[in-house]
Amino acid sequence: MAVGPCELLIVKFPGNNFHGEIAPALADVARRGTITIIDILFAIKDEKGDLAIVEMKDVDGDGVADIVAVSEVKGAIGPEDVDEAAQILEPNSSALLILFEHTWAAALTQ
């Protein structure tokens, strides 16, 4: 099976103002087959500069992603990726890290 190029996208949210507006756009491009989401997580820095990591995964098996705080990053997005995002985050801000495949380009790799 052909695999397209993969990319890690970091989207910053100043003031920790994430309200989910990006979710429908992400779901749309994934549903159309433009991208395949491999891994996704949030890095949240509080006003003191302390970092928390939140992953989205189906923990109860109902087919719906649950939001889970984690103490250790174990997915395809690694600790080095989280460290890189943390360096660009100011206190009281957050970032969405999305690792995705450019599914549309898979045929180009053949």
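In the predicted model, the order of elements along the sequence is β-α-β-β-β-α-β, made up of 2 helices and 5 strands. The chain has 110 residues, 31% of which are buried. Its accessible surface amounts to about 6,800 Å², with carbon and sulfur atoms contributing 56%. Of the contacts between residues at least 6 apart in sequence, 68% link residues at least 24 apart.

Strand E5 is mostly covered, with 9 of its 9 residues buried. E5 pairs with two strands. Strand E1 (residues 6-14) runs antiparallel to E5 and is joined to it by 9 bridges; within this pairing, Glu7 is placed opposite Phe100 of E5. Strand E2 is likewise antiparallel to E5, again over 9 bridges, and here Ala43 faces Ala95 of E5.

In a regular strand, side chains alternate between the two faces of the sheet. In E5, Ser93, Ala95, Leu97, Leu99 and Glu101 point one way, while Ser94, Leu96, Ile98 and Phe100 point the other way; all of these residues are buried.

The largest nonpolar core comprises 11 residues, namely Leu41, Ala43, Ile53, Val73, Ile77, Val82, Ala85, Leu89, Ala95, Leu97 and Leu99. Two or more residues of this core come from each of strand E2 (36-45), helix H2 (79-88) and E5. The greatest contribution is that of E5, with 3 residues. A second, separate core contains 9 residues, among them Phe13, Leu26, Leu96 and Ile98. In soluble globular proteins, nonpolar side chains tend to be buried together.

Beyond its neighbours within four places in sequence, Ala43 is in contact with Leu51, Ala52, Ile53, Leu89, Ser93, Ser94, Ala95 and Leu97.

Although buried, Glu101 forms no salt bridge, and the nearest side chain of opposite charge, that of Arg32, is 16 Å away. When neighbours within four places in sequence are set aside, the contacts of Glu101 are with Ala2, Val3, Gly4, Pro5, Cys6, Thr34, Ile35, Thr36, Ile38 and Ala106.

How values were computed
Residues numbered from 1 in each chain as written. Predicted model: local features only at pLDDT ≥ 70, side-chain atom pairs only at ≥ 80, totals over all residues. Heavy atoms only, no water. Buried < 20%, exposed > 50% of the residue type's maximum accessible area, 1.4 Å probe, protein only. Lys, Arg positive; Asp, Glu negative; His and termini not counted. Salt bridge = Lys/Arg side-chain N within 4 Å of Asp/Glu carboxyl O. Contact = heavy atoms within 4.5 Å. Helix = DSSP H or I, 4+ residues; strand = E, 2+ residues; numbered from the N terminus. Areas by Shrake-Rupley, 256 points an atom, 1.4 Å probe, with all protein chains shown as cover. Core = buried A, V, L, I, M, F, W, Y, C linked by side-chain atoms within 4.5 Å. Pairing = 2+ DSSP bridges.
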